[in-house]
Every structure is written in structure tokens, then in C-alpha cells.
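Welcome, and please have a look at the sequence and the model below. A short tour follows, with a heading for each stop.

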Amino acid sequence: MSTTVVSSPTLSDQRKKVTVRTLAQMKARREPITMLTAYDYPTALSIDRAGVDAILVGDSLGMVVLGYENTLPVTMDDMLHHCKAVARGARYALLVGDMPFMSYQVDVQEAVRNAGRFLQEAGMDAVKLEGGRERLETIRAIVAAGIPVMGHLGLTPQSVHQLGGFRAQAKTTASARRLLEDALLLQEAGCFSLVLESVPARLAELVSRRLDIPTIGIGAGGGCDGQVLVTHDLLGLFDRFTPRFVKQYANLHAEMARAFAEYIADVQEGRFPAEAHSVEMPEEDWQALLAELEDEG
Ligand code: KIV
């Protein structure tokens, strides 16, 4: 007799891989898009299972994981290494790899080759790069190679020295108009989406309404088509500073400190390891070993 086992679909079975088209459809339906950063396998797994639409392997890696002052020292090798780990953990979210400083600014051909490595070697679905009108030729070339590009305007951390620090952008009439123009130019050049970072909420909303492609805001108010946060900020895992626009959903830094202190005290005071954490051997083998050793003197 043969039995057919029909397993009932789980929530994750019903989910479909998110693509750039999905994000466009979400904008059309006015459905908020969620994006978070991840840099490793377990975080990607957890974020993906929670149901986020897109995962950004951001070059914020340099600050929140590698401990640099800013994102400038991050290399292609760093990014590809972490993108590969994230790709192994995430199954459904759209995966966006952040192009690091100097991987796309020098030469268009080099930029296309580097963008291609994110898809070919590291399992990403798209790349993100910073900048406005000065990046149009590069973006057109990467898009022409079949690689989806997410733009990034406003506070662009790779220009931190030019901007005079991590400060909000586009707060004057002229700079706000320039940002709107840049957003329209990036859309025309083929970007499938734009990150708007640290810009006035009213401006971000206006830009989002004028564009056909979805905007993803960080410190840009609730009028964008989606939101992104650096996961280490959301989890309270980055202790150096927390930008004003971050909502902290946990304080894992404090929780980690508590757990480490408890472990140290347990070892020092003999509470760890207990019997439950130890490996045993059969009593007769143990006795035989002791007898053998005794015979050997
Ligand atoms: O690197 C990053 O995490 C980013 C986000 C802040 C958008 O660019």
C-alpha cells in the first residue's frame, strides 16, 4: 500500500522571492517597503524569516562590524566576503550589495566589472551606489550590463569629508531643488529605486511623489515608499552613537555585556561547566583505564 504525504504549506512556502519588479508593484499599491542591513549569515537568516522585503549589505559594515571611523576603508573584498555570507542566509528578500568607496568612482568599465562581481560571485540581486548627476554615465553602463542599480542621495557617507561630517542634507531651497533634479536624473538613467538619507521629510515625500521608482528613506520621514535602518542601530548593537532618526527596538549591547559577565563569573566560581555540559564515558571503560594505568605503575 502506498501513502501520499501532502505537507501543508508553511508561511515561508507561500512567500515568493522579492525582485525589483515586486518593489515597483509595491509602490504602485502604496504598500510600504521594508529594508534592513545585514552583514552575516545568522542575521540575514533571521531578517529574511521575519519577512523583510529587501536586505542591504551596506558599507556601514565598516563602522558597525569592522570598527572603522567611517565607511571609506571598506574594500571590494570586504563587501564580497560579507555579501556571500548574507546570500547563504537569505532566501526571499531582494539582496542589494553596496559598492564601496573607489570601486565605481574612477572608471566606468571598472565600475561595471565591480558591480558584476556582486551578482556573479556574491549572490546579490542588485547593487547600490552613492551620488547624483556625476554618476549618470556609470549608472547607465551598469544598468546596460543587466545589473539593477539602487541610487543613494542626501547624506552620502562616502563623501563625509566633502560634506563636513555626517549631517542632514538638502535643507535650503537650492540644495533641495538640486536633490529633486538628481533624483529625476537617476530615475532616467535606469535606477530601480533610490535611498534618501537624512533629508527633510517634506522634501523626501515630494521627491517620492514625483518619481515613478520607489524611494527608501533613512532619516527622511514617513513619506517615502519604504524605510531602511542599519540593523545594528535597531538592535542597539552599535555603542558609539545612535543617529536621532533611529528607533531602537532592543538593547543587545547591554544584553551581550550581561551574558559575558555572567559567563565569566560562572567559570570563575565553578558553576560552568555543570554535569549537563560534560561528556561521560561508560563506568566499566573508566575503571578499565584506571586499572591499566595502575598496572603500568
Ligand atoms: O551602508 C548602509 O548601510 C547604507 C544605508 C544607511 C542606506 O547605505
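## A buried histidine

H232 is buried, as its relative accessible area is 12%; buried means under 20% relative accessible area, exposed over 50%, and partly exposed in between (1.4 Å probe, protein chains only). This histidine belongs to helix 11, residues 231-234. Helices (H or I, at least four residues) and strands (E, at least two) are DSSP runs, numbered from the N terminus. H232 and L61 are 171 residues apart along the chain, with 9.6 Å between their C-alpha atoms.

## How to read the model

This is a predicted model, in which local features need pLDDT of at least 70 and side-chain atom pairs count only at pLDDT 80 or more, while totals for chains, interfaces and linings use all residues. Residues are numbered from 1 along each chain as its sequence is written, and side-chain values use heavy atoms, with hydrogens and water left out.

## Around the ligand

The ligand is surrounded by T37, L56, G58, D59, S60, D98, K128, H152, V195, E197, I218 and V230, each with a heavy atom within 4 Å of it. This shell divides into 4 nonpolar, 4 polar and 4 charged residues.

On its own the ligand has 260 Å² of accessible area, and the protein covers 95% of that (Shrake-Rupley method, 1.4 Å probe).

## A closer look at K128

K128 sits in strand 4, residues 126-128. Is K128 buried or exposed? Its relative accessibility is 1%, so K128 counts as buried.

The side chain of K128 also makes a polar contact of 3.0 Å with the side chain of D98. A polar contact is a pair of N or O atoms within 3.5 Å; within protein, one must be able to donate a hydrogen and the other to accept it, and residues adjacent in sequence count only if both atoms are side-chain atoms.

## Backbone points in the loops

A cis peptide bond, with omega about 0°, joins F272 and P273. P273 lies in the loop between helix 12 (252-268) and helix 13 (283-295).

R30, which is not a glycine, has a positive phi near 55°. R30 is in the loop between helix 2 (20-28) and strand 1 (33-37), and its relative accessible area of 71% makes it exposed. M102 is not a glycine either, and its phi is positive at about 75°. The loop between strand 3 (94-98) and helix 6 (108-120) holds M102, which is partly exposed at 40% relative accessible area.

Conventions
Ala, Val, Leu, Ile, Met, Phe, Trp, Tyr, Cys and Pro count as nonpolar, Asp, Glu, Lys and Arg as charged, and the others, Gly among them, as polar.
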